[in-house]
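Open the model in a viewer and keep the selection panel at hand. The stops below run from one selection to the next.

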Amino acid sequence: MVMAACVGSLLLGAAGCTAPSTPTPTSNPPTVAPIFASDEEALAAATEAYTNYVETADLIITEGGIDPERIVQYTSGDLAETEMQSYRSLQQQGLHGTGKSAYSNFAVQAFTPDAPDGEGILTAYVCSDVSGTDIVDAEGRSTLAAERHPRTPFLIVFDLNSEGNRLLVSAANVWDGAGVC
């Protein structure tokens, strides 16, 4: 990331990112540490980020949408705003959730550490399972359609937080492909 900023600054003629005009034999090119040391580390970080997102979403829903801003620490972009609007809607309607959602078959689809902004650096498949959850009114009556699909395959997109050291969920798109759930 720093390298990209310096390249952009060089094109604009900014000082501070310029390299010496003649490299000396003792100078080494700058090295950029990889975001993750291995595929296993990327999978572990994505799994942790998604777990934090799901657990926080469940908590906010169970509490009837109170303090929806809590989801922002685990999401980015449009997803953060969409989630908060959904939680506010629950609160306005006097609804709350019961139970906990689950997921399975979490697998990294692609890892692109140098993806342009807005495209995500990591994508993963997951099977979301909401069979153990419900949205109920003040009297405890379910407000969900009886024919809802309890298990849904998703393609999850992750971005890095502003410090570049933690993954955030930036999109959760229903996946049409087979084999996830």
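Begin with strand 2, residues 102-111, and pick out Asn 105, which sits in this strand; helices (H or I, at least four residues) and strands (E, at least two) are DSSP runs, numbered from the N terminus. The model is predicted: local features need pLDDT of at least 70, side-chain atom pairs count only at pLDDT 80 or more, and totals for chains, interfaces and linings use all residues. Residues are numbered from 1 along each chain as its sequence is written, and side-chain values use heavy atoms, with hydrogens and water left out.

Asn 105 is not a glycine, yet its phi is positive, about 55°. Its relative accessibility is 44%, so Asn 105 counts as partly exposed. On this scale buried means under 20% relative accessible area, exposed over 50%, and partly exposed in between (1.4 Å probe, protein chains only).

**Strand 3 and Val 126**

Select Val 126 in strand 3. Val 126 has 0% relative accessibility and therefore counts as buried. Show the contacts next (heavy atoms within 4.5 Å). Neighbours within four places in sequence aside, Val 126 touches residues including Tyr 50, Asn 105, Phe 106, Thr 152, Phe 154 and Val 180.

Now select strand 5, residues 151-160. Why is this strand largely enclosed by the rest of the structure? Nine of its 10 residues are buried, so the rest of the structure largely encloses it.

Strand 3 (residues 122-129) pairs with strand 5 in the antiparallel sense over eight bridges, where pairing requires that DSSP finds at least two bridges between two strands. One place to look is Ser 128, whose bridge partner in strand 5 is Thr 152.

Strand 6 (residues 167-174) also pairs with strand 5, in the antiparallel sense and over seven bridges. For this pairing, select Leu 155 and its bridge partner in strand 6, Asn 173. Strands 5 and 6 form a hairpin with six residues between them. In the turn, Gly 164 has a positive phi of about 75°.

Stay in strand 5 and select Asp 159. A salt bridge is a side-chain nitrogen of Lys or Arg within 4 Å of a carboxyl oxygen of Asp or Glu.

The side chain of Asp 159 does make polar contacts, with the side chain of Ser 76 at 3.2 Å and with that of Ser 170 at 3.3 Å. A polar contact is a pair of N or O atoms within 3.5 Å; within protein, one must be able to donate a hydrogen and the other to accept it, and residues adjacent in sequence count only if both atoms are side-chain atoms.

Select helix 2, residues 39-62. This helix has 24 residues and reaches 34 Å from its first C-alpha to its last, close to the 34 Å expected at 1.5 Å a residue; the expected span is 1.5 Å times one less than the number of residues. Its buried residues include Ala 46, Tyr 50, Tyr 53 and Asp 58. The buried residues of helix 2 pack against helix 3, strand 2, strand 3, strand 5 and strand 6.

After the helix comes Gly 64, with a positive phi near 75°. Further on, Asp 67 lies in the loop between helix 2 and helix 3. Asp 67 is not a glycine, but its phi is positive at about 50°.

**Charged residues around helix 3**

Select Glu 83 in helix 3. Glu 83 is buried and has no salt bridge; Arg 88, the nearest side chain of opposite charge, is 11 Å away.

Where does Arg 88 find a salt-bridge partner? Arg 88 pairs with Glu 69, the closest N and O atoms being 3.6 Å apart. This pair links distant parts of the chain, with Arg 88 in helix 3 and Glu 69 in the loop between helix 2 and helix 3, 19 residues apart. Elsewhere, Glu 63 forms a salt bridge with Arg 70 at 2.8 Å between the closest N and O atoms.

**Strand 4**

End at Asp 134 in strand 4, residues 133-136. The side chains of Asp 134 and Ser 142 are joined by a polar contact of 2.7 Å.

Notes: Lys, Arg positive; Asp, Glu negative; His and termini not counted.
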